[in-house]
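Hello,

Here is the structure I promised to pass on. My notes follow below it.

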Amino acid sequence: GMNAAVRAVVRMGIYVNAKVYFIYEGYQGMVDGGDNVVEVSWESVSSILQVGGTVIGSARCKPFRTREGRLQAALNLVQRGITNLCVIGGDGSLTGANLFREEWSGLLEELAQKGKIDAEAVKKYAYLNIVGMVGSIDNDFCGTDMTIGTDSALHRIIEVVDAIMTTAQSHQRTFVLEVMGRHCGYLALVSALACGADWVFIPEYPPEEGWEDSMCVKLSENRARKKRLNIIIVAEGAIDCHNKPITSEKVKDLVVQRLGFDTRVTILGHVQRGGTPSAFDRILASRMGVEAVLALLEATPDTPACVVSLSGNQAVRLPLMECVQMTQEVQKAMDEGRFLEAVRLRGRSFENNLNTYKLLSHKKPDAELPKSNFNVAVLNVGAPAAGMNAAVRAAVRIGMTEGHKIFVVIDGFEGFARGKIKEISWGDVGGWTGQGGSILGTKRTLPAKYLEKIADQMRTNNINALMVIGGFEAYLGLLELSAAREKYDEFCVPMVMVPATVSNNVPGSDFSIGADTALNTITDTCDRIKQSASGTKRRVFIIETMGGYCGYLANMGALAAGADAAYIFEEQFDIRELQANVEHLTEKMKTSIQRGLVLRNENCNENYTTDFIYQLYSEEGKGVFDCRKNVLGHMQQGGAPSPFDRNFGTKISAKAMQWISKKLQETYRKGKVFANTDDSVCLLGMRRRNLVFQPVAELKNETDFVHRIPKEQWWLKLRPLMKILAKYKTSYDVSDSGQLEHVAMLPKEAETGAI
């Protein structure tokens, strides 16, 4: 994702008429100067979006740690009039940048004394501004929900785990996987959550004394339950409670000696740093890059050096040194054995991941489980979306932990009416997180025409609460069921909806399960198509994406794939706009970038169809470029769920089930559950920084029912971003850019949406 950040900084910088320079090979290049500091143009960053690593190189630099080194670096910058630095790196790089900034005026004075620069230059370049972006696959930087590169590293790990699972399944093996993270267990923890690992070792949360016994008991119990494989994930920095390292070899030897299981070790190593960046990382890095340029433009000598980062779905700026200090606090807490404190300092998201993992991975003996005597039904509604199964698994297991009996409904409301409903156990949902589509089966049918039959089934099976995982139909379905409460007492029970649809068109939530996987599918396809277009030269591709009337996939796909335009329903366009796009592409073909990519949402305009746009471009581009079209279709609904969707599905569904338990207790009167208020039918959605329960009745006003989209959509403010990065003149609304906040002030109780 670093290249996406580099590209965004360069293009936004040129857009605001700044001169932009590359410094190759990190601080080493700044110290060496010469050809390492080069002014760049728009085209310099073409075709780098899909490349892993960084095109400008990166190096550890001893000389920069000395004052002499920094003196030389300052001279190289001043000679070119550079006083704004954008640093992409981990806490070491950022701390170095901050020190450089603090010493800046002293360095310039020393250079003037030595006669290397004149007094005029000292005055003119008196201040150095610094903005940091955190690029680190460990996600170990406090204050940022997600660092650039973390999501892509999770993609690599999950690809490997999915591949290993098939071989382990065939051979009945135990696999010990070692993932990166010397001081931070984020990758280990999230990948354990995303693949349903049996055991995980992380530095922040060492296992209790006697963990060897409990682990072996757990593994053999799983085997006894007919589970054919065991996966154990070890962070490279894992330790026990005496600060002694726990290595993957040690874990393997233990399993072999005590249980005699066929056990293999796989060390992922640098695979995790490589590969093409995920859609999430490209969008994150592009947003951060633009935000970094804005922060530099607004910086004054008095503002502290800041890092731009994401909190939930919101761009924020945080004082660099506060973040660094807090990151060092975590390490200190771990060194001193204050492990609970270390987990808390890692932030709300980390803590939540850990708690969810603990609840989902270990089944308590039946004797220890509470008995609630409540029955909860879980169903999928709408079109299939990757991550639905992870959500069902979490609901089933959390529900059982809370003492409920869990029933699953096959084939949505239609199956419900036909009595396709059965009780499900803990083991039944093992291995579900990595499965795409919907194992329970899902239908778009709405409940209105089956109300009588569904009420019968709820009475027969004594269902006390409903959890619906699905898209816009699930939302309509809950509205219909709550409207039917006057007639049927059976529907007077707590009901909750978890949004799951590739279209991301559900009101009340910024994200829905399945959209990230679809976005990655679109991005991968666009990468391949761009490669084909680069080979043939002067070729423009028109790509049609799904989404109904919602332009989320087309717009975000365009941002992640570096498209030239995206046509969406939410932003009306006419023939003049199409004309302007064609002219823009004609100009582009005169440069060294001889290819074009245009995305079109399937329902963006009933007359300007994909064929129409294809024919228009073909005619208008005659002699300059030729045109091809591609309809992506249902491949966008399939595939193994991305790490984000597995995790988001797991966490949001667990939270929904906990809400159901709370509501059941509140509404249980005189031996029965009776809930008929608006706040007992809710949608759980991700809003900016928080997960919030919203009564579906209140969301009616926010919904455009004709086009099945929310009236206001947060991602529309990223439209100008896409246009700027594609070299259109447009106005960028800075009102939403991050204001400087303080780390300690980040809301502790707010559940962040990052995975």
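Two strands count as paired if DSSP finds at least two bridges between them. Helices (H or I, at least four residues) and strands (E, at least two) are DSSP runs, numbered from the N terminus. This is a predicted model: local features need pLDDT of at least 70, side-chain atom pairs count only at pLDDT 80 or more, and totals for chains, interfaces and linings use all residues. Residues are numbered from 1 along each chain as its sequence is written, and side-chain values use heavy atoms, with hydrogens and water left out.

**Strand β11**

β11 (residues 375-381) pairs with β12 (residues 405-409) in the parallel sense, over 4 bridges. V376 stands opposite I406 in β12. β11 is mostly covered, with 7 of its 7 residues buried. Buried here means under 20% relative accessible area; exposed is over 50%, and partly exposed lies in between (1.4 Å probe, protein chains only). Both faces are covered: N375, A377, L379 and V381 are buried on one side, and V376, V378 and N380 on the other.

Axes are lines fitted to C-alpha atoms, for helices over the stretch in contact, and angles run from 0 to 180 degrees between N-to-C directions. Inside this sheet, β5 (residues 174-179) and β7 (residues 230-235) run parallel, paired over 6 bridges. V176 faces I232 of β7 there.

Another open sheet of 4 strands has the order β17-β18-β16-β19, and the pairing is parallel. Its edges are β17 (565-567) and β19 (626-631), each with a single partner strand, so one side of each is left without a neighbour in the sheet. Neighbouring strands of this sheet are turned by 20 degrees against each other on average, direction ignored. β16 (residues 539-545) and β18 (residues 595-601) are joined by 7 bridges. The bridge partner of I542 in β18 is V598.

**Helix α7**

How many residues of helix α7 (residues 186-195) are buried? The count is 10 of the 10, so α7 is largely enclosed by the rest of the structure. Just after α7, G196 takes a positive phi of about 65 degrees.

**Cores**

A nonpolar core is a set of buried Ala, Val, Leu, Ile, Met, Phe, Trp, Tyr and Cys residues joined through side-chain atoms within 4.5 Å. The largest one has 170 residues, of which I233, M467, F491 and Y552 touch the most other members. Helix α10 (residues 279-298) gives the most to this core, with 12 residues. A second, separate core of 38 residues includes I23, V31, L75 and L128.

**Domains 3 and 4**

Domain bounds come from an automatic or database domain assignment. That assignment gives domain 3 as 375-513 + 641-696 and domain 4 as 515-637, among others. Their centres, taken over C-alpha atoms, are 36 Å apart. 15 residues of domain 3 are in contact (heavy atoms within 4.5 Å) with 12 residues of domain 4.

Best wishes
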